[in-house]
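Please examine the structure before reading each worked solution.

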Amino acid sequence: MHSSSPLRTVERARPLLGTTVNIRVEYADELAAHRAIDAAFAAVASVHGAMSFHEADSDLARLHRTRCGVRVQLAEQTAEVLREALKLAALSNGVFDVSIATQLVAWGLLPQPAHVNRPAPDACWRDIHLDEEHGVRLERPLWIDLGGIAKGYAVDCAIEALRAHGIDSGCVNAGGDLRTLGGGPHRIVIDTGEAAASHHPVLELGEAAVATSHSRALPDHAAAPHVHGQARTAAGRRECATVVAERCIHADALTKLVLALGPASTDLLLHYDATAYWQDADGCWTTLGTSP
Amino acid sequence: MRSRFLLIPAYALVASAPVHATVYLSVEQAQALMFPGATLTPDFVTLTPEQMKAIEKACDVNVLTPNLKAWRVSTGGWFIADQVVGKHEFIPFAVAIDAQGAVRSVEILEYRETFGDQVRNEAWRAQFVGKTHDAPLKLNSDIKNISGATLSSRHITDGVKRLLTTYALVLAAPHG
């Protein structure tokens, strides 16, 4: 906050999406800035409410309670995220698969949902049928977790809300999945989860989304929040992936594919015009995808 | 997306003193934002040991202090300023409770968690002093964003749960 500058900065934070979401904007009019931030938080809260695995009245909880084969009407936003998730599943041949909730519950990383259908052991994303009118039908019972993609989507919605309120410079950060507004340059330090790292990676970018995934801080066992959708095993126990893309929904989801596939994720990154900075188990960095 | 990737030696990256602290809102700013136009009257409460025990039993969250900083809102409802213990530090936050006793909004007032223990550890950093001519990059002033730090909000949601229970058992009670 420099009083000599015509633009000042305001930053606020709320507990949402299971993490701390903070929003920073540069403003000329303080009251308008706070209204914009209020609207951005409301956008995040709406995604949280509709797409939470835990909340009993979320779209997902309703779907998990409904008998197999019966069509369930989703909110437009939930349908949009699910459509992106299914597209990523098709492109990655199921390495990205939102039906991994079953694994996450079995590993104790998601709570056991109440009053739901028991998932079929071999059900996968191919059993999810989404129609054009935002309706979804499950061919076999399964549990969907949008945790690997909805946080990025919520960040995109928050950025849109800020823009709609006339903000043209700032940043929305949902626990490491972030998107910048304005040319910056914005500097972002990547927390790779390494203990006593000798170097810290720093990204310099203009208007873009950045997401980072790793599970290094977790205890050393087979369970991890990032699951290889085909193999149903933990992905990226020793690696770290940062993805830069236009939209945060893609940056967020692509980090999981980079963790699961390493350099084999290159074509997927190119498809989304995204760049990944991938740190392997030995601590070596490789740039993948679109040339930065 | 154009981006530039730099590997900065850890000794050249320092957290602004005292730690990576971000002040979001003062209590007064939070009050004005969470209850616009309303008048807030302090109604601070010292919880009795029995009340503290009852709250802990009802919500299964530890009550760390008997001091409850609560304000009565002229338009109905309560504003409570409190704090929870994060990974290392206290995190002050505010809860707005509406006239029906539901959470209206939660704002984190300050965040004092650090980026990586090794950055904060003076002794660890001291070993590199004098080994670089580069101007250190400062977290907060030079680098405002961190990607990948999964800051759990669990302790804050537990704190909100505790304050809602405190509201129900103490503030909303007839002889509260």
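**Exercise 1.** Determine how the axes of helix H2 (residues 49-59) of chain B and helix H5 (residues 154-171) of chain B cross.

Solution. The two axes come within 9 Å, and their crossing angle is roughly 125 degrees. Axes here are lines fitted to C-alpha atoms, for helices over the stretch in contact, with angles running from 0 to 180 degrees between N-to-C directions. Helices (H or I, at least four residues) and strands (E, at least two) are DSSP runs numbered from the N terminus. H2(B) is therefore oblique to H5(B); angles under 35 degrees count as roughly parallel, over 145 as roughly antiparallel, 65 to 115 as roughly perpendicular and the rest as oblique.

Next, identify the contributing residues. H2(B) supplies Gln51(B), Ala54(B), Ile55(B), Ala58(B) and Cys59(B), while H5(B) supplies Lys161(B), Arg162(B), Thr165(B), Thr166(B), Leu169(B) and Val170(B). Contact requires C-beta atoms, placed from the backbone, to lie within 7 Å. By class, this contact has 6 nonpolar, 3 polar and 2 charged residues. Ala, Val, Leu, Ile, Met, Phe, Trp, Tyr, Cys and Pro count as nonpolar, Asp, Glu, Lys and Arg as charged, and the others, Gly among them, as polar.

The model is predicted: local features need pLDDT of at least 70, side-chain atom pairs count only at pLDDT 80 or more, and totals for chains, interfaces and linings use all residues. Residues are numbered from 1 along each chain as its sequence is written, and chains are lettered from A and ligands numbered from 1 in the order in which they are written.

**Exercise 2.** Describe the contact between domain 1 and domain 2 of chain A.

Solution. First, locate the domains: an automatic or database domain assignment gives domain 1 (59-138) and domain 2 (183-292). Their centres, taken over C-alpha atoms, are 24 Å apart. Domain 1 of chain A contributes 14 residues to the contact and domain 2 of chain A contributes 15. On the domain 1 side, helix H3 (76-91) and helix H4 (101-106) of chain A each supply at least two residues; H3(A) gives the most, with 4 residues.

**Exercise 3.** Which peptide bond joining Gly184(A) and Pro185(A) is present, cis or trans?

Solution. The bond is cis, with omega about 5 degrees. Pro185(A) lies in the loop between strand E7 (177-181) and strand E8 (186-190) of chain A.

Key
Contact = placed C-beta atoms within 7 Å.
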